[in-house]
Amino acid sequence: MELSILALSFTVLLLLGVPVAFAIGLSSVATILAAGLPVAVVFQKMVGGMQVFSFLAIPFFVFAGELMLYGGIADRIVRFANSLVGHVRGGLGMSNVLGCTIFGGVAGSPLADVSAIGSVMIPLMKKEGYDADYAVNVTTHAALVGAIMPTSHNLIIFTLATAGIASVSVLGLILAGLVPAIILTVCNMAAAYWVAVKRGYPTSGKFPGWAMVLSAFLASLPGLFVVVIILGGILSGAFTATESASIAVAWALVVTVFVYRSLTWHNFLKACAKACKTTGVVLLLIGISAAFGYFMALYEVPQKTGELMQMISTSPWVIFLMINVLLFILGTFLDMAATILICTPIFLPIAMQFGMDPLQFGIVMLINCALGLNTPPVGSVQFVGCAIGEISVGQVMRTIGPFYGALGATLLAVTYVPAFSLWLPSLLK
């Protein structure tokens, strides 16, 4: 009875347009009242869920990304990417993909990625004769790589969502995402090139020469160095993953204020405000989801879900496919953090039961969540891209097929070939 109230109230509140955090909280309160338990349980779980030292990494990583967004790092990365691949057919599209991937590596946020690179590349591509739907699709799909890059705060959220289920290290998950990020970038570039050739888009001039490439690379190197600092510091034991986030903020300030001298006081305040807002939303979701997760464990939701799936099939291939489909559907309605916090306790035990490593599942989860960011009705990344490109979501969705195919191919590769996500972490052992 209580489980039905939990599921039904949560679904109804979402359909009514109630924000996800409040829908989770209100459904938890309704379940508490139906079970006859004290309402204080909800608040105890909320406070306990947020009082984790590792959560300090989240505001720092978010703040570092915002500083890089408003500090002018994106412009230098775009110039470097364009010097490498801008001369091939549809070169601006491929430059866009490469630029989004590189900036995603230093910002760690798909939304910051599409805002920074998209504001530069989408108007430029339209000016050079590229269709708006192509420019938006290239940008929004390439920006999703940021979800699995080392500076992504979603990696931290996933490791904490696995508490009590499996032991997942932040460093292991960071390394697990590197090869899939490369695969996703290659697939995105292939899709961008294929559509560009099919539509007959022009080249953007001749190859500028390796001297120009080296010059553009050196200009962007201070911003890119944050990834080296994070990985090198954690691998060497100089600092922990949580401490690396504060190091990323310090480095972002040094680069944007003293090296590039591009961060104005006004933009600094905007970065602070945006980081505070994002952190508040994420921590509220974490606290509320801790209470929601308590009820899912109490009423054995993971076990019952696993039994229901095994009634359909006992083949790992089919089970993994069902998990992907369910994660994708839920990701189109929920924010990325909410999807991770709600779905990890449900699907991770099932995936582990059928032989999937927790690190591999983490990357599968993050790619599915990223795909949801580019799919209506939530689709925050897609909405930002469409706003920049001055085009409707409907027009973009009509030609999104090749780019969905690139992301889907990457997802299937990571799901069914464990080595793609487990090879680098295995080197640590």
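Which residue's side chain meets that of aspartate 133 in a salt bridge? The close-ups below start there. This is a predicted model, where local features need pLDDT of at least 70, side-chain atom pairs count only at pLDDT 80 or more, and totals for chains, interfaces and linings use all residues. Residues are numbered from 1 along each chain as its sequence is written, and side-chain values use heavy atoms, leaving out hydrogens and water.

**View 1. Arginine 199 and its aspartate partners.**
The answer is arginine 199, whose side chain meets that of aspartate 133 with N and O 2.9 Å apart. This pair links distant parts of the chain, with aspartate 133 in helix α8 and arginine 199 in helix α10, 66 residues apart. (A salt bridge here is a side-chain nitrogen of Lys or Arg within 4 Å of a carboxyl oxygen of Asp or Glu; helices are DSSP runs of H or I with at least four residues, and they are numbered from the N terminus.) Why do such pairs turn up? Side chains of opposite charge can pair when their charged atoms come close. Arginine 199 also forms a salt bridge with aspartate 131, and here the closest N and O atoms are 3.1 Å apart. Aspartate 131 sits in the loop between α7 and α8 (132-143) while arginine 199 is in helix α10, so this pair ties together parts 68 residues apart in sequence. Put together, Asp131, Asp133 and Arg199 are linked in a network of salt bridges. Now for how much of each one shows: aspartate 133 is buried, at 11% relative accessible area, whereas arginine 199 is partly exposed at 32% and aspartate 131 is partly exposed at 36%. (Buried means under 20% relative accessible area, exposed means over 50%, and partly exposed is in between, using a 1.4 Å probe and protein chains only.)

Glutamate 390 is in the loop between α18 (380-389) and α19 (393-398), and lysine 126 is in helix α7 (residues 110-127), so the pair ties together parts that are 264 residues apart in sequence. Glutamate 390 is exposed, with a relative accessible area of 68%, but lysine 126 is partly exposed at 31%. The count of salt bridges comes to three.

**View 2. Tyrosine 134 and the largest nonpolar core.**
This core has 155 residues, and Phe103, Tyr134, Ile323, Ile340, Phe347 and Phe361 touch the most other members. Helix α10 (residues 170-199) gives the most to it, with 17 residues. (A nonpolar core is a set of buried Ala, Val, Leu, Ile, Met, Phe, Trp, Tyr and Cys residues joined through side-chain atoms within 4.5 Å.) Leaving aside neighbours within four places in sequence, tyrosine 134 is in contact with Gly90, Gly93, Met125, Ala192, Val195, Ala196, Arg199, Tyr201 and Phe403. (Contact means heavy atoms within 4.5 Å.)

**View 3. The largest cavity.**
The structure holds one cavity of 30 Å³ or more, and the largest cavity has a volume of about 30 Å³. (On a 1 Å grid over the protein atoms alone, a cavity is a set of points where a 1.4 Å probe fits but cannot get out, and lining residues have an atom within 4 Å of a point; a volume is the space filled by probe spheres set on the points, which are joined across faces, edges and corners.) Its lining is made of Phe320, Ile323, Asn324, Ala351, Met356, Phe361, Val364 and Thr415. Helices α15 (316-331) and α17 (358-373) each supply at least two of the lining residues, and α15 gives the most, with three. By type, the lining divides into six nonpolar, two polar and no charged residues. (Ala, Val, Leu, Ile, Met, Phe, Trp, Tyr, Cys and Pro count as nonpolar, Asp, Glu, Lys and Arg as charged, and the others, Gly among them, as polar.)

**View 4. Valine 62 in helix α4.**
Valine 62 lies in helix α4 (residues 57-70). Is this residue buried or exposed? Valine 62 is buried, with a relative accessible area of 6%. Not counting residues up to four places away in sequence, valine 62 touches His153, Ala275, Thr278 and Thr279. The C-alpha atoms of valine 62 and phenylalanine 22 are 22 Å apart, and these two residues are 40 apart along the chain.

Notes:
1 Å grid on protein atoms, 1.4 Å probe; cavity = no way out; pocket = protein on both sides within 12 Å on 5 of 7 lines; lining within 4 Å.
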